[in-house]
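Visitor: Hi, could you walk me through this one? I'd like to start with a ligand and then move on to the chains.

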Amino acid sequence: MEIPENVKKRLSLPAEEYFYAGHTACQGCAAALGLRYVLKAYKNKVIFTIPACCSTIIAGPWPYSTFGAPLFHTAFETTGAVIGGIEAALKAKGYKVKGEDGIMVVGWAGDGGTADIGLQALSGFLERGHDGLYIMYDNEAYMNTGIQRSSSTPQGAWTTNTPGGKKHFLEQRPKKKVIDIVIAHKIPYAATASVAYPEDFMRKLKKAQETPGPSFIQLFAPCPTGWRSPTDKSIELAKLAVQTAYFPLFEYENGKYKINMPSPNKEPKPLEEFLKLQGRFKYMNKEDMEILQEWVLREWDELKKKAEMFK
Amino acid sequence: MKKVISGNYAAAYAAKHARVEVVAAYPITPQTSIIEKISEFIANGEVENLQYVPVESEHSAMAACIGASATGARAFTATSAQGLALMHEMLHWASGARLPIVMVDVNRAMAPPWSVWDDQTDSLAQRDTGWLQFYAENNQEVYDGVLMAFKIAEHKKVNLPVMVIESAFILSHTYDVVDMPPQEEIDEFLPPREPLYTLTDFDNPIAVGALGTPSDYYEFRYKIAKAMENAKEVIKEVGKEFGERFGRDYSKMIEFYKTEDADFVFMGMGSLMGTVKEAVDLLRKEGYKVGAAKVRWFRPFPREELYELAKNVQGIAVLDRNFSFGQEGILFNEAKGVLYNTDAKPVMKNYIVGLGGRDFTVKDVKVIADNMKAIIEKGELDREIEWYGLKR
Ligand SMILES: Cc1ncc(C[n+]2csc(CCOP(=O)(O)OP(=O)(O)O)c2C)c(N)n1
Ligand code: SF4
């Protein structure tokens with residue numbers, strides 16, 4: 001459909017669509033939305049690699065693809081290595097990689113495929129300095145296999161292998177800070193982003209395109225199925241995660257941290273507003289909630305200090 | 001050009017002469033000198049457009065080769081034993097995505113206990129991954145094998161990955177004369193790769209490796225099976241062309257050595273067949289009518305050639321430097337399986353030899369020859385499987 005000029009002017013995001021209708025994501029899936037933005041940002045000059053995860057299914061079964069760009073489906077733990085190989089081949093063959101008119105090599109993996117089984121390959125990709133972008137879409141559990149915990153699942157959350165119940169077997173450990181591990185590699189560009197703030201996300205995708213070397217974006221992506229949340233609340237949840245400082249937006253660029261608005265200016269909103277919309281937190285008792293709230297504020301404080309110190 | 005080089009250097013030179021574009025690799029003894037040599041080529045400016053990716057594991061080495069090959073590049077890697085085992089999952093990925101990657105595996109025993117010596121179980125454990133497997137007898141065959149492997153792998157009727165296998169230390173670190181044709185002649189034999197598909201076609205983007213539902217998966221598998229069958233013809237063609245161009249003929253998937261009038265033959269793979277051929281010469285002088293059948297290609301398996309051989313001999317001594325626990329030697333198992341529905345019924349005995357680098361010499365072949373002779377004369381097997389030379 002041709003978009004009228006007056007409407008086009010009001011749109012701050014590119015009007016072209018490269019993520020086509022017919023994908024098989026659940027209603028309200030933020031990961032699908034994220035894919036749509038990445039494709040908008042890079043048009044069709046992008047080669048995608050997707051490991052085993054919900055997005056394998058979202059992209060469509062053979063012979064279909066909802067992507068208007070080349071896509072290589074790969075094994076669960078190999079995203080970092082495969083995009084490294086693609087980048088090497090492009091260079092051997094004389095293609096321009098990254099930059100305004102270059103090819104973007106993008107790995108798109110879930111939190112499980114990044115924080116757990118794929119961490120080693122991610123580290124290799126970052127450490128070797130490949131010109132590519134790794135996006136971890138963080139829905140905070142293994143959704144594709146039916147909602148099991150990952151190391152990115154927050155403390156106190158219900159999953160199918162950390163179920164609630166008499167013995168109170170909820171997730172016992174705090175959410176792994178993958179982005180801190182990434183930053184420890186001293187790469188040129190790393191950032192967090194959220195589907196609730198597409199302009200901010202698009203700006204970060206552009207940054208990743210312009211910055212030579214490896215870039216990393218951790219994208220917060222609510223999953224109504226796994227979070228036991230209403231399908232029309234995904235954007236609201238993603239917003240609340242930022243406003244409560246549960247998932248603040250920031251960038252790490254050449255050794256400097258920068259907190260991006262709309263992360264809270266002064267006091268974050270109470271975490272409870274974020275928790276209460278989700279069934280996965282319903283087994284938490286008061287003490288669990290306090291533990292999680294404390295963790296959020298401590299981490300937020302630490303981030304603010306880093307932003308201050310490495311200004 | 002003739003050069004005295006190790007089997008590993010032969011592999012590295014072959015990769016260079018094949019003009020590989022991406023090498024992703026991880027060190028493991030006794031493979032390491034292959035990738036070291038390739039790094040030297042780069043450091044000395046002897047190769048153009050070769051991207052070397054020093055990955056953090058063999059699993060990633062294969063994954064990176066897969067990414068590179070899917071992008072249209074000629075990709076190469078090398079490994080051994082534990083490294084190959086770690087790649088296992090990705091070996092399926094390479095064949096399933098129909099990527100003509102070539103890898104050298106330096107046959108090394110699997111731990112525990114730790115061992116760095118020769119044993120074929122590492123590569124044979126990968127036999128169902130959809131990779132073609134070529135077993136080299138000497139350094140020259142390592143070199144020739146890699147060059148042929150690319151041509152066969154990239155043939156449009158095949159499009160499958162190929163493993164070229166050499167034995168730990170016996171070849172990998174032993175120096176021997178290797179004859180290498182001039183680069184121009186190699187370029188004629190092996191032109192640049194023309195990929196079946198690439199990820200760089202942005203006007204017609206494709207998705208590779210997506211979910212294959214029960215309505216399609218079966219056919220995908222069948223196409224790989226078909227490509228493996230096609231590979232037999234391609235192997236023979238390429239082997240013949242190689243012979244015409246460079247004087248070393250590989251048109252047979254099994255090399256038959258003095259088998260025409262043989263009463264019985266020794267069958268095996270890899271470097272141990274060099275020893276066997278020497279023993280055959282000596283035994284013939286002593287009046288034994290023996291020959292050797294060196295299986296060059298284990299995948300696809302040369303069923304037809306084996307049948308032809310079996311029709312004309314009374315016995316086959318299968319020498320396996322490998323073992324499948326709970327069953328028998330792997331080559332023995334395969335060879336027997338081929339002959340079951342045929343009229344050829346030679347006596348077959350399985351000798352397990354030289355696991356983990358245990359010496360296997362001409363003398364041993366003679367002992368086995370006497371044993372086989374007695375079996376044939378009596379018309380009765382003493383036992384089907386013998387762990388030859390076991391200490392207890
Ligand atoms: C080696 C291996 N182990 C296990 C699996 C099964 N598996 C497929 S997807 C998946 C979970 C993916 O979780 P995540 O990366 O968080 O992505 P999501 O499904 O949440 O989108 C698992 C465990 C696999 N494909 N490969
Ligand atoms: S389970 Fe969650 S992440 Fe997966 S498709 Fe559904 S909403 Fe998206």
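This is a predicted model: local features need pLDDT of at least 70, side-chain atom pairs count only at pLDDT 80 or more; totals for chains, interfaces and linings use all residues.

Visitor: Which residues are around ligand 2?

Guide: The shell consists of C26(A), C29(A), C54(A), I58(A), N139(A), M143(A), C223(A), P224(A) and T225(A), taking residues with a heavy atom within 4 Å of the ligand. Helix 3 (54–58) and helix 9 (224–227) of chain A each give two or more residues to it; helices here are DSSP runs of H or I with at least four residues, strands are E runs of at least two, and both are numbered from the N terminus.

Visitor: And by class, how many are charged?

Guide: There are no charged residues around ligand 2, but 7 nonpolar and 2 polar ones. Nonpolar means Ala, Val, Leu, Ile, Met, Phe, Trp, Tyr, Cys and Pro, charged means Asp, Glu, Lys and Arg, and the others, Gly among them, are polar.

Visitor: New topic: what area is buried between chain A and chain B?

Guide: About 3100 Å², with carbon and sulfur atoms giving 69% of that. Buried area is the accessible area (1.4 Å probe) that two parts lose on being put together, summed over both. In chain A, W62(A), F72(A) and R128(A) lose the most area to chain B, together 21% of what that side buries.

Visitor: How many salt bridges are there between chain A and chain B?

Guide: The count is 2, where a side-chain nitrogen of Lys or Arg must lie within 4 Å of a carboxyl oxygen of Asp or Glu. R128(A) forms one with E56(B), at 3.1 Å from N to O. Helix 4 of chain A gives the largest share of the side that touches chain B, 9 residues.

Visitor: In which sense does strand 2 of chain A pair with strand 9 of chain B?

Guide: Parallel, over 2 bridges; pairing takes at least two DSSP bridges between the strands. L71(A) stands opposite A207(B) there.

Visitor: Over all chains, how many salt bridges does a search find?

Guide: It finds 55 in the whole structure. Within chain A, E17(A) and R36(A) form a salt bridge with their closest N and O atoms 2.7 Å apart. That pair links distant parts of the chain, 19 residues apart: E17(A) is in the loop between helix 1 and helix 2, and R36(A) is in helix 2.

Definitions and conventions
Residues are numbered from 1 along each chain as its sequence is written. Chains are lettered from A and ligands numbered from 1 in the order in which they are written. Side-chain values use heavy atoms; hydrogens and water are left out.
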